[in-house]
Amino acid sequence: MRYMFKRSYDADINLFKHKAQMFWYLALLVLVVALPWLIDDFFIGEATNVLIWAIAGMGLMVLVGHTGQASLGHAAFMALGCYANVIMLQRGVPFVIAFPLAGLITGVVGAIITLPILRLQGIYLAIATLAISVLTEDFIIIAEPWTGGVSGLMAPAFDIFGISINRYVTPDLFYFLALGVALLVLGAYRNLLRAPLGRAFVALRDSEISAQAMGVNITKTKAISFGISCAIVGLAGALLGLYAGAFNHETFNIVLSIQLLLMIVIGGLGSIHGAFFGAIVIGFLPQFIAISRDVISESFGLGSVFIPGIESGIFAAILIGFILFEPSGIYGRWVKIRTYFELFPFYRKGMFKRQKSFLKTERMK
Amino acid sequence: MDYSQLIVSGLANGCVYGLIALGFVLVYKATEAVNFAQGDFMMLGACIVIWLTNGDSLGISFWLAVPLTIVIMAVLGYFLDLLVVRRLFGQPQIAVVILTIAIGFILRFGVGAIWGHEPRLLETPFVGKNLQFGSVVLGFEEGAVIIVTLALALALYVFFKHSKLGKAMQAASQNQLAAYYVGIPVKNIQSLVWALAGVVAAVSGILFASKGAIDPSTGLLGIKAFAAAVIGGFGSLPGAIIGGLIIGLVEPFAAYALPAGYSQLAPYAIMLLVLIFRPAGLFAQMQKKKV
């Protein structure tokens, strides 16, 4: 068991709680940087995919996990970031300018679009964002001169200071690009959480009324949260577009929005770890299913069994399992296991029990 | 251009949207949770009735298959709540939302795995029969859809307004603790509501299948029904039907008046406008409580 003596107020907002924690995170950093030399190109591609999902997950986590506003429409903002980035690249804007600008545009547009619907709460907000997601698909088709309509766009070749990056030719460089963006977002996110703004987000999530009482401007804070969330998701969308190579309106359909939300729920709402755990699950699930399908058909002598849509079926089953038995997600389970060993033998079953409450209608205020 | 024809077919479509919206509203009214799988419930009901009726599968009589489907869906709804949804009792509603989204995914996958992904039609005994009112030619199915929807909405309205069970359902939603105090078995009531939602889903599925082809992704129609429920004001039964009718009517006229590509936007645009300017919906259930 470890005892921590906090000798200054700064100790509360240090990035790492203690030396050992810092050591393990640095070790993890060394591992992910060394990854291209450890595994082959195919799995580096998969790892890049996971990183992109993780960036998108972090974006949504700001909003859902830390500000407590459900959104079922974030695929729309991924689409915006992706199209903005590629359209600028096609017009000859260098990547180092186009990419951050795509994130900025997405963030500003996201904050402006959501201003009128921010008065809505809970389920109404989720439905309004769902409508935005559905509308975006149609808008992409309508704005054909820009977006290529149904036939979509091809991501052009791009380079950073003369170094050409391509997913297929130089997968390692693309991996480092995704990793760099992920680390930047991660650093910004960690800093946000210990800054007044991040604390305002969390206060808002836990109780709007008490946040208001402490002087948090609710509408403004929600709009900023939406903006930050959309900006990060826009960056993820831009990367996804470059990673996929070709995309159209169906790449960013409503199912992607829902998957994003489900991903961070599986990972664990309210923690940055959750975004990464969820991304790992969603990124490797198709591979896992393909491998287990081969194993099953070989060991039972069946032909190659192919059931369409089995991925979403299994994904949904995993999700139901988590909602019913571990609502705090993979990260929540990990915290429980860690606490068990830290406190051994004093861990009690009820330590992480969630408060249940009787429901009252939202329709009477 | 004959507008009356557009109106009638729009009304018939709107009735199906309204019925799905009715399913949303039922569950919302009684449990304060939104069942995102209601559209997939409808799809399941439609697939069950097709499986029972059509000549290439079981081929039993249509008039026997309809009540059978309704019973199957009711039992399914009841046990879904009893075994799965009830475990989330007392948890935040967003958990239920995510759960029902996942259930929707599973239903879509299950139906696709069992009955395949090709669109299929229901063989009703009245295929090809028409009703003529003056200059308006009305498909028999469309007439049936409108009449059954209105009858069902009326029955549910009376049920919630006057029956003891209906009032208990509303009480359980308004304040669970107080409902327990006056002796309402809240958990049982919620299971019954889910059964009722199953019945409504079965009816809307049967009506939809008699009008158009069904495949597993038909359940995504539920999103349009959402718009209907929101326009009507979540929580109001007549509102749900009227919201559905508005969307059903707007669609053909938008397709007629607007250039291609813009017409699909109309239902959601209306919904966003309603959400922005009248968040409680046209038939507001929202009331300020006086302290």
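How many residues does helix α4 of chain A have, and how far does this helix reach from its first C-alpha to its last? In this predicted model, α4 of chain A runs over residues 95-114, which gives 20 residues. Its reach is 28 Å, close to the 28 Å expected at 1.5 Å a residue. Several positions along α4(A) are buried, among them F95(A), A98(A), F99(A), A102(A) and G103(A). Further along the helix, T106(A), G107(A), G110(A), A111(A) and T114(A) are buried too. The cover over these buried residues of α4(A) includes α3 (74-90), β2 (158-160) and α10 (218-244) of chain A.

Helix α10(A) also pairs with α7 (residues 171-194) of chain A: the two axes come within 11 Å and cross at roughly 175 degrees. Because angles over 145 degrees count as roughly antiparallel, α7(A) is roughly antiparallel to α10(A). On the α7(A) side, A178(A), V181(A) and V185(A) take part, and they meet I232(A), L235(A) and L239(A) of α10(A). By class, this contact has six nonpolar residues, with no polar and no charged ones.

Turning to the two chains, 44 residues of chain A are in contact with 44 residues of chain B. On the side of chain A that touches chain B, the elements giving two or more residues are α5 (122-142), α11 (254-267) and α13 (310-325) of chain A. Helix α5(A) provides the largest share of that side, with 13 residues. Sorted by class, the side of chain A that touches chain B has 31 nonpolar, six polar and seven charged residues.

Terms used. Residues numbered from 1 in each chain as written. Chains lettered and ligands numbered in written order. Predicted model: local features only at pLDDT ≥ 70, side-chain atom pairs only at ≥ 80, totals over all residues. Contact = placed C-beta atoms within 7 Å. Helix = DSSP H or I, 4+ residues; strand = E, 2+ residues; numbered from the N terminus. Nonpolar A, V, L, I, M, F, W, Y, C, P; charged D, E, K, R; others polar. Expected span 1.5 Å × (residues − 1). Buried ≥ 20, exposed ≤ 12 C-beta atoms within 10 Å, placed from the backbone. Axes fitted to C-alpha atoms, helices over the stretch in contact; angles between N-to-C directions. Parallel < 35°, antiparallel > 145°, perpendicular 65-115°, else oblique.
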